[in-house]
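Trainee: Hi! Could you walk me through this model and take my questions as they come?
Mentor: Happy to, let's have a look at it together.

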Amino acid sequence: MRAPSRAEQAEGWRAPGQDAGWLNPIKERFLLRLLVKKELRVRYRGSVLGMVWSYVKPAVQFIVFYIALGVFLQLQRDTPAYAVYLFSGIVVVNLFGEVFGNATRSITGNGALVAKIYLPSQLFPWASMIVALVHFLPQLLVLVVGALLFGWLPSPTAAVAFVLGLVILVVFTMGLGMLTAALNAAFRDVENFVDLIVMVATWLSPVLYRISMVEEAIGGTIWWWLYQLNPLTIVVELFHVAFWRYGPSVVEATASDPSLTMPGEPFGLWWAGLLIAAVTFALGTIVFERSKRRFAQEL
C-alpha cells in the first residue's frame, strides 16, 4: 500500500499508525466515550446489583479494617474520628488499585480490538481510568456524608487539598499504568507483579495507622524520607487534610496531641508528589508510545 501524499494527508488521510500520540484521548473523545460505555457494560453484564457494588465492596473493606484495627487493636481510642480517617485513606488506595490494575490489563484485555482494527492504543488505559473514576464517585459521596456526620464542613483548604491529592494520584497512577500496560503486552508476568503492589499499597501508606507511628519507628533514617516521598503517602495525607484534619473533634484533640498534625501541614510534600507524578507520567507515556506499534504482533 502506498503512503498517502501530502495533499491527501491535508484532506484528512494519514499513514497507518500515525496519530496524535499522547493527545489521542483529547482528539478522539468520541471513541473514548464508546470505550468507556463498553467497559461499563462488560463490567456489569449479568450483574443484578450493578453499580451498587461500588458501595458494597468499599463498605465491607471499611467494616473489616475498622473492626480489626479500630476496635480490636484500639486505634480508634488514640485517633479522633477514626472512621473518617480510615475511609479517606481507603478511597485513595481503592482508586489507585483500580486504575493501576485495569490500565495494566487494558491492552491485553482488549486484544481482539488491538489486533484486528486500528484504534489509538492510548484510549484503552484512559478508558480504564475513567471507569475507575466513575466507581470512585459513590465512595467519595459516602466519605463526604460520613465526614459531615462527624462535624466536618467544606472549606477552601479542604477543596485545594482534595484537588491536589486527586491530580497527583491520577497522573502518577496513569503513568504507572501506561508503563505496565506496555510491558504486560510482552510479558504477562507484569500483571501479577502489579497485583502484589496493589495488595501491599494499603500498608505502605498511612491508611490504617497514623504517620506519627512510622516516624517514631524509623524517623531520621533514609527509610523515613522514602516513606514520606511515596506519592500514595502524600495523597493519603492530603485526603486527611481535606476530610479529616479540620473536623471539630480533631482540632480539639490536636491542641493536646501535636502528633495528629502532618509534616509541613496543611499540604506537606505536595510539590514533591506532583513532581514525581509528572515524571512518572512522562516516562510511562514515552515507553507506551515506543511500544504501541508492536502490540498487535505481541497479542
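Trainee: Let me start with P248: how accessible is P248?
Mentor: P248 is partly exposed, with a relative accessible area of 43%. Buried means under 20% relative accessible area, exposed over 50%, and partly exposed in between, with a 1.4 Å probe and protein chains only.

Trainee: And where is P248 found?
Mentor: P248 is found in helix α15, residues 248-254. Helices here are DSSP runs of H or I with at least four residues, strands are runs of E with at least two, and both are numbered from the N terminus.

Trainee: Before I go on, what kind of model is this?
Mentor: This is a predicted model, where local features need pLDDT of at least 70, side-chain atom pairs count only at pLDDT 80 or more, and totals for chains, interfaces and linings use all residues. Residues are numbered from 1 along each chain as its sequence is written, and side-chain values use heavy atoms, with hydrogens and water left out.

Trainee: Good to know. Which residues is P248 in contact with, leaving aside neighbours within four places in sequence?
Mentor: P248 is in contact with F150, G151 and W152, where contact means heavy atoms within 4.5 Å. P248 and F150 are 98 residues apart along the chain, and their C-alpha atoms are separated by 7.9 Å.

Trainee: Tell me about α9 then. How many residues does α9 have?
Mentor: α9 has 27 residues, running over 123-149. From first C-alpha to last, α9 reaches 39 Å, close to the 39 Å expected at 1.5 Å a residue; the expected span is 1.5 Å times one less than the number of residues.

Trainee: Where does α9 bend?
Mentor: α9 bends by about 25° at F136, and the proline P138 follows within four residues. The bend is the angle between axes fitted to the seven residues ending at a position and the seven starting there.

Trainee: Is P138 buried or exposed?
Mentor: P138 is buried, at a relative accessible area of 7%. Leaving aside neighbours within four places in sequence, P138 is in contact with M51, S54 and Y55. M51 is 87 residues from P138 in sequence, with 8.9 Å between their C-alpha atoms.

Trainee: Switching topic: what about the loop between α5 and α6? Where does A81 sit?
Mentor: A81 is in that loop, between α5 and α6, and A81 is buried, with a relative accessible area of 14%. The phi of A81 is near 50°, a positive value in a residue other than glycine.

Trainee: Which residues does A81 contact, neighbours within four places aside?
Mentor: A81 is in contact with F150, W244, S249 and V250. There is also G247, 166 residues from A81 in sequence and 8.2 Å away, C-alpha to C-alpha.

Trainee: And T79?
Mentor: T79 is found in the loop between α5 (75-78) and α6 and counts as buried at 2% relative accessibility. Not counting residues up to four places away in sequence, T79 touches Y85, R210 and W244.

Trainee: Why is α6 largely enclosed by the rest of the structure?
Mentor: 22 of the 23 residues of α6 are buried, so α6 is largely enclosed. The helix covers residues 82-104 and reaches 33 Å from its first C-alpha to its last, close to the 33 Å expected.

Trainee: Now the nonpolar core. Which members of the largest one touch the most other members?
Mentor: V92, F96, I107, F239 and F243 do, out of 74 residues. A nonpolar core is a set of buried Ala, Val, Leu, Ile, Met, Phe, Trp, Tyr and Cys residues joined through side-chain atoms within 4.5 Å. Leaving aside neighbours within four places in sequence, V92 is in contact with L169, L232, V235, V236 and F239.

Trainee: Last one: how many helices and strands are in the protein chain?
Mentor: There are 17 helices and zero strands. Buried residues make up 46% of the 299 residues. Among contacts between residues at least 6 apart in sequence, 80% join residues at least 24 apart.
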